Amino acid sequence: MDKVVGAPADAVADIPDAASLAVGGFGLSGVPNVLIAALYAQGATALSVVSNNCGVDGGGLGILLAAGRIARVTGSYIGTNKEFARQYLAGELEVELVPQGTLAERLRAGGCGIPAFYTPAGVGTQVAEGGLALRYGPDGEVAVASAPKEVREFGGRGHVLEHGITTDFALVRAWKGDRHGNLVFRRAARNFNPLSAMAGRTTVAEVEHLVEPGELDPDAVHVPGVFVQRMVPLTPTQAADKGIEKRTVRRGDAGEGGR
């Protein structure tokens, strides 16, 4: 029942080349940076990643991306990651763009053993009709396009068939967790981490605060330990290392109207 693994390197040591990974995080919130760094050092390549976004230039999954370790991304947001956009447009990376809510539900469905479901999101667009560029060729033409999906009508409204997602491994970051693998997430970090944890056949969680079994309020647990196989407690320095994607300030009382 004690799922604690002492070192991040040990927790990701058996992730092979061409493995599929569900990776938590929303922007820079809740990104399992320590496990990603360990996987980078481990050397696995040709990875298929499922994540809301693929990190930023020089951070998160962006580290694996820049090293050419990722072959395919299923996500909903390219964002400001210039290397992600460059690899996609240059035909170096296969990308399946999915509506954000659909991606969340595909991960949840996979984790719950639901093979497929219908949703109205994407009906009447290339999401349902096919033709989205999964991979570009060297001359900028679409080399691989998405296939059409089944559409059925429910209650007079069209719905597209989407498939649940399961992956070989999942990497997530939790605020608190106990030795049995029960996890608690905090604020925006809760958006995709619980869903990714459910979707992975082998789920590895880095935890900011490790507590003993019984210390967590059962009603506060977001992911029960049945979904988690390995726990990596973070040092205080690692737990405090959290990036800010866009640092903004407001105007003070002085200057330009005091706004």
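Modeller: A charge sits over a ring if NZ of Lys or CZ of Arg is within 6 Å of the ring centre and within 35 degrees of the ring normal. This is a predicted model, in which local features need pLDDT of at least 70 and side-chain atom pairs count only at pLDDT 80 or more, while totals for chains, interfaces and linings use all residues. Residues are numbered from 1 along each chain as its sequence is written, and side-chain values use heavy atoms, with hydrogens and water left out.

Biologist: What makes K176 lie over the face of W175?

Modeller: K176 is at 4.7 Å from the ring centre of W175, against a limit of 6 Å, and R186 also lies over the face of W175, at 5.2 Å.

Biologist: Why is the pair of F26 and F192 called stacked?

Modeller: Rings of Phe, Tyr and Trp (its six-membered ring) pair if their centres lie within 6.5 Å, and planes under 30 degrees apart count as stacked, over 60 as edge-to-face and the rest as tilted. F26 and F192 are 6.3 Å apart, centre to centre, with 15° between the planes, so they pair and count as stacked. The pair ties together parts that are 166 residues apart in sequence, because F26 lies in the loop between β1 and α2 and F192 in the loop between β11 and α7.

Biologist: How do you know whether F192 is buried or exposed?

Modeller: Buried means under 20% relative accessible area, exposed over 50%, and partly exposed in between (1.4 Å probe, protein chains only). F192 has 4% relative accessibility and therefore counts as buried, whereas F26, with 28%, is partly exposed.

Technical notes:
Helices (H or I, at least four residues) and strands (E, at least two) are DSSP runs, numbered from the N terminus.
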